[in-house]
Amino acid sequence: MRVDFAFLASAGEGTACVEGLGPVVSHCAGQTPGEVFHALGEPDVVTVERERVDLELLRGLTEFCAVYPNPDAVAACGDRFGEKRLLDSAGIASAPYRIAQSAQDVPAAATQLGLPVVVKNPTEGYDGKQQWHILDEQQLQAFTEQNPPGAWLVESRIAFEREISLIAARSPNGDVKVYPPTENRHHEGILITSVAPADGLEERIAQTGAQNIRTLLETMNYVGVMAMECFVTADSLLVNELAPRVHNSGHWTMNGDVTSQFENHLRAILGLPLGATSGNQHYGMINLLGDYDHPELLTALSADAHLHDYNKSPAPRRKRGHINVSSQDRDAVLTELARHHDRLYG
Ligand code: ATP
Ligand code: MG
Ligand code: MG
């Protein structure tokens, strides 16, 4: 049996491009789902590699082939209001929040929640862009004066102890495999390092995380890989956001003795058995941001480390690659990450 699949990605307002594994096929805005299906080579399955895709087109494609994850799941995870609705209805804890219909409604929401708050654009932004950490009245006033257009998610700013993510894959037959919780460190909203399995995580918290992602996958009848970012506080696990796709905090799966999240996504959407999500090693990942010296990095890699370069042009704080490290010795992983961290970010 041969099952063809294609990736669908949108390239901005009114246009979309379609990428297969192999030649890239693009289409013009206004093409019907049938025309896009044909341009894709009439695949059996279409999947997405980002949440901000043309949802109408994605829905239209379901007339022609399987679309995994389903468009409703992609829509819910691409909109912070939708995510909150989903989490609330599934009884999964997240940061307390209010929806402000405009920037002018943010102060009332912030007063109800109490400062500090984080104000987030519901549909735009990544790497901490399009969000404001408002610590005091002055910053609140500055935000309303700036008056950025649209509705806003206003969230309590959580004094978390650590951040973790859960990544899992679900097949059409309902099989689910969850990777071990990953501990993530961010700097100014950008992921810098991930280490798995997260060390010293309370068993209760780890189980809640695994159960939450299973519940979400089942509630949405989700097929493919999904990521769930969380805050760990002194006594609870709060879900921060969801990604209906492979995730940066799961890039450590690309090396070592587990099945890569990319492979498990393809296995899931193709209905193949899922690969191993837990192994006998410790795993680490450090993102390469902005400008860095590629040859110098290569010569500095240890035996257990792998450089992944995305061939992207340099831009300040742009994610342009990452280094993976895996070893049976957790300290060796941490030491290698720290060494690269010092060299890259001093
Ligand atoms: P990503 O690149 O992960 O998609 P994003 O721009 O969508 O990021 P979030 O993940 O919501 O934004 O936030 C980025 C980071 O900002 C979080 O990982 C966390 O460190 C911090 N942050 C976000 N929301 C809160 C909150 N309510 N309380 C405390 N810190 C927060
Ligand atoms: Mg995000
Ligand atoms: Mg995030």
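## A walk through the model

Start by selecting Met226: leaving out residues up to four places away in sequence, it touches Ala168, Ile213, Leu217, Leu242, Ala243 and Pro244. Here, touching or being in contact means that the C-beta atoms of two residues, placed from the backbone, lie within 7 Å.

Before you go on, a word on what's on your screen. This is a predicted model, where local features need pLDDT of at least 70, side-chain atom pairs count only at pLDDT 80 or more, and totals for chains, interfaces and linings use all residues. Residues are numbered from 1 along each chain as its sequence is written, while chains are lettered from A and ligands numbered from 1 in the order in which they are written.

Met226 is one of the residues with the most contacts inside the largest nonpolar core, along with Ala168, Ile213 and Met228. That core has 60 residues. (A nonpolar core is a set of buried Ala, Val, Leu, Ile, Met, Phe, Trp, Tyr and Cys residues joined through C-beta atoms within 7 Å; buried means 20 or more other C-beta atoms within 10 Å of a residue's own, exposed means 12 or fewer, and partly exposed is in between, again with C-beta atoms placed from the backbone.) Now pick strand β14, residues 224-232: with six residues, β14 gives the most to this core. (Strands are DSSP runs of E, at least two residues long, numbered from the N terminus.)

**The domains.** Color 5-67 as domain 1, 96-156 as domain 2 and 162-345 as domain 3; these bounds come from an automatic or database domain assignment. The 60-residue core draws at least three residues from each of domain 1 and domain 3.

**Two annotated residues.** The "binding site" annotation in an unreviewed UniProt entry includes Glu163 and Asn240; such annotations may be inferred rather than shown by experiment. Is each one buried or partly exposed? Glu163, in strand β10 (162-170), counts as buried because it has 20 C-beta neighbours inside 10 Å. Asn240, in strand β15 (237-243), is partly exposed, with 19 other C-beta atoms within 10 Å. Beyond four places in sequence, Asn240 is in contact with Glu229, Cys230 and Phe231. Glu163 touches Glu229, Cys230 and Phe231 too, plus Asn184 and His186.

**Last stop: confidence.** Color by pLDDT, the predictor's confidence in each residue from 0 to 100. The mean is 90, and 92% of residues reach 70 or more. Over residues 9-26, though, pLDDT is below 50.

Definitions and conventions
Helix = DSSP H or I, 4+ residues; strand = E, 2+ residues; numbered from the N terminus.
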